[in-house]
Amino acid sequence: MTAEYKVQDDVAVITLNNPPVNGLGHSTRLGITNALEKANGDAAIKAIVLTGAGKAFSGGADIREFNSARATLEPTLGSVILALEHSPKPVVAAIHSVAMGGGLELALGCHYRIAAPGAKIALPEVKLGILPGAGGTVRLPRVLGVETALSMIGGGEAVNSEALAALPGQKLFDKLAASPEQLLSEAVAFAKEVAAKHADGSALPLVRNLPCTHPNGEAYFQFARNMVKGTVKHLPAPLKCLEAVENATRFSFEDALAKERSLFLGLMLTPESRALRHIFMAERAAAKIPDVGPEITPREVKTVAVIGAGTMGGGISMNFLNAGIPVTIVETKQEALDRGLATVRKNYEAQIKKGKLKQEVYEQRMALLTPTLNMDDIKDADLVIEAVFEEMGVKETVFKKLDAIAKPGAILASNTSTLDVDKIAAFTHRPQDVVGMHFFSPANVMRLLEVVRGAKTAKDVLATVMAIAKKIKKTAVVSGVCDGFIGNRMIEQYSRQAGFLLEEGATPQQVDKAIEKFGFAMGPFRMADLAGNDIGWAIRKRRSVEKPDIKYSKTADLLCELGRFGQKTGAGWYDYAPGKRDAIPSKLVEDMIEQHRKTLGITPRKIGEQEIVERLVYALVNEGARILQGGIASKASDIDVVYLTGYGFPFWRGGPMLCADQVGLFNVAATMKRFARNPHDDARFWEPAPLIQKLVAEGRTFNG
Ligand code: T1G
């Protein structure tokens, strides 16, 4: 059982002990009800304290059980809470650190609640695409008031225990302990007090018996509904949260509880909730490298050096400055160094203007940045990140210098976005210390960090980079070495399809509009105009030498030959008014595409939105499957994390691989085969990857 039972004098102490956060899985739920029965069956016990071991009171229902029958195995959480309410002896919840979701609902079923200061209190279910499903929407308004409760349930954010205890009229906490260390002793003492108070047989207080009203309910909920409708698109849960709390003010406790249950079960089945729960687990799973366990000790990183003060070098440096880690930034020319520093200052000053950064914090951070023209100044750095021009010759020069200057044990990382990290490692005598750290532009904003594992990269180097990624608030995903790693290798296929769609009859705005309606922040052509069409042009030139047999649309090359590199030249796939970013469809570009179709002998056809979306998204899926079967990514959820945190994939769809699972791999494969019959497309590419065919044959999915 993952609920321990101890007796202190005449008080039974039940301690949840299901690391890491006392998730309320079936064994924990059973442990609580067994312990409750034992306490109530022991005449020597006058009161009960319920608390949590380790770093939480309870983090809620066990998310790992959600898709299994165990989640509804009795005693369900609702049954455990009923058992608490029916206990003839008073139950005091002693809350510390975290009481979230079902964990808070459990405490609301107790007769009394005492909290340590600093505890994080939340009903975050809405972030998982659901709503509190064990009475939270009917009990929390009764102890905090309708408006505070709705704000917590609809937003899902945590609030500190002392802030809630200070709310006028609140009935959530009967006491605030002096400190987390004194919580248990104070809870036991308080339990004795309430036992004495109810020794006369007076009824124990139940949250369910408190009133739940709002003086202007109809107007308030209408206002709240309009607010939610205006801000949350694509996600059904927030409006259902509001409906459940409104029910609590309109119906009896039991009726409102029953309505909450049916709303909860309905949301559990939505694809959006499946996606959000998948993301929660996927982001945490990405931090785990199958063959790099907790026994591998990371190296210490106290100082960082960044080679190159360009846009990437400056942005990369900011991540470490923000985490309080000193950075030495190196350039070869003073004007480049000055330009880089000016960019860093501009980025910080913009945050100050928005009120997101205090002046003194900005100055503290800048004080940690040491600019230099002398490469020798990096000799003591624990981690050196190269962010120079994306050309192997330049990388070779830099890494040979780093090999000669950097101290033994320093980690030498390249920010390369496509080049072979094994080749870069071979420029040094220490390939075991070389790794890829591929940041995404803007490097101080984008959460994704692709950690590229070379054949010889040492395990402790990987452990170090994963640990430092967490420290600088990046979501790190490990990739093997291949052209484009995970993200760019897949986006290459996505972009190829975008080009073919133009040749077959679509316009850039039709393609962008379709995929943006699907949920991408930006379609491929608006994105190309933002990033710069010349970047893709250079990569295609390199690739046409290395892999001449790759078929791709020449439309992008034709565009670049006109000098239309995108926003930076005031024209690209779209036209732009001077100084503006609004993409204006371009007659010149459409004529150019039309002319190109003629040279190819293609009669343009009307292409529907669904085909556009499937060709773009399934291109990601097919290449993702090849990346998986090639061992470049260790799990499908890692690929989803890359696309969700680095490429603007709509989060409510959970990533390309989960999206394919939700459509059904049988259907995805059948569509791919249909695309393979299109004479203007790339039949070889559209052959479903062997892994997809295997999963379809076995009736399985990417994400298990
Ligand atoms: N179930 C299972 N595992 C969980 C978990 C949970 N509820 N919460 C966290 N973990 C795991 C997580 O996967 C990771 O595992 C480890 O704990 C540390 O997590 C009926 C149905 C509690 C604030 O949404 O917000 O109750 O990677 O890295 O930064 O109404 O975890 O180590 O193997 O995040 O210290 C509602 C979700 C559930 C809370 C701790 N509860 N958790 O943060 O650690 S639905 C939640 C969090 C529910 C009822 C409904 C955070 C945390 P591993 P971590 P952390």
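# Ligand shell, helices and selected residues

The backbone nitrogen of V388 lies 2.9 Å from a polar atom in the side chain of E386, where a polar contact is a pair of N or O atoms within 3.5 Å, one able to donate a hydrogen and the other to accept it when both belong to the protein, with residues adjacent in sequence counted only if both atoms are side-chain atoms. The model is predicted, so local features need pLDDT of at least 70 and side-chain atom pairs count only at pLDDT 80 or more, whereas totals for chains, interfaces and linings use all residues. Residues are numbered from 1 along each chain as its sequence is written, and side-chain values use heavy atoms, with hydrogens and water left out.

- E386 belongs to strand β13, residues 383-386, with helices (H or I, at least four residues) and strands (E, at least two) taken as DSSP runs numbered from the N terminus.
- E386 is buried, at a relative accessible area of 0%, where buried means under 20%, exposed over 50% and partly exposed in between, computed with a 1.4 Å probe and protein chains only.
- Leaving aside residues up to four places away in sequence, E386 touches I307, K395, V398, F399, A413, S414 and N415, contact being heavy atoms within 4.5 Å.

**The ligand and its shell**

- There are 24 residues around the ligand, and G59, G102, E105, E125 and K288 come nearest; a residue belongs to this set if one of its heavy atoms lies within 4 Å of the ligand.
- By class, the shell around the ligand is made up of 12 nonpolar, 5 polar and 7 charged residues, where Ala, Val, Leu, Ile, Met, Phe, Trp, Tyr, Cys and Pro count as nonpolar, Asp, Glu, Lys and Arg as charged, and the others, Gly among them, as polar.
- Oxygen atoms of the ligand lie 2.6 Å from a polar side-chain atom of E105, 3.2 Å from a polar side-chain atom of K55 and 2.6 Å from an N or O atom in the side chain of K288.
- The protein buries 78% of the 1,000 Å² that the ligand exposes when taken alone, the areas coming from the Shrake-Rupley method with a 1.4 Å probe and, for residues, with only the protein chains shown counting as cover.
- Helices α3 (102-108) and α11 (271-286) are the elements that give two or more residues to the shell around the ligand.

- Helix α11, with 16 residues, reaches 22 Å from its first C-alpha to its last, close to the 22 Å expected at 1.5 Å a residue, the expected span being 1.5 Å times one less than the number of residues.
- The buried residues of α11 are E272, S273, A275, L276, R277, H278, I279, A282 and A286, and their cover includes α10 (253-268), α17 (459-471), β17 (475-479), α25 (636-646) and α26 (656-663).
- Helix α1 (residues 26-40) has 15 residues and spans 21 Å between its first and last C-alpha, close to the 21 Å expected at 1.5 Å a residue.
- Within α1, the residues H26, T28, R29, G31, I32, T33, A35, L36 and A39 are buried, and what covers them includes the strands β1 (3-8), β2 (11-16), β3 (47-52) and β4 (91-95) together with the helices α2 (77-86) and α3.

**E609**

- E609 sits in helix α24, residues 609-629, and is partly exposed, with a relative accessible area of 31%.
- Not counting residues up to four places away in sequence, E609 touches K513, A514 and K517.
- Between E609 and I385 there are 224 residues in sequence and 42 Å in space, C-alpha to C-alpha.

**Backbone geometry in loops**

- The peptide bond from E74 to P75 is cis, with omega near -5°, and P75 lies in the loop between β3 and α2.
- A cis peptide bond also runs from S441 to P442, with omega near -5°, and P442 lies in the loop between β15 (434-439) and β16 (448-452).
- D9, in the loop between β1 and β2, has a positive phi of about 60° although it is not a glycine, and D9 counts as exposed at 63% relative accessibility.
- H234, in the loop between α8 (217-231) and α9 (237-250), has a positive phi near 70° in a residue other than glycine, and H234 is partly exposed, with a relative accessible area of 40%.
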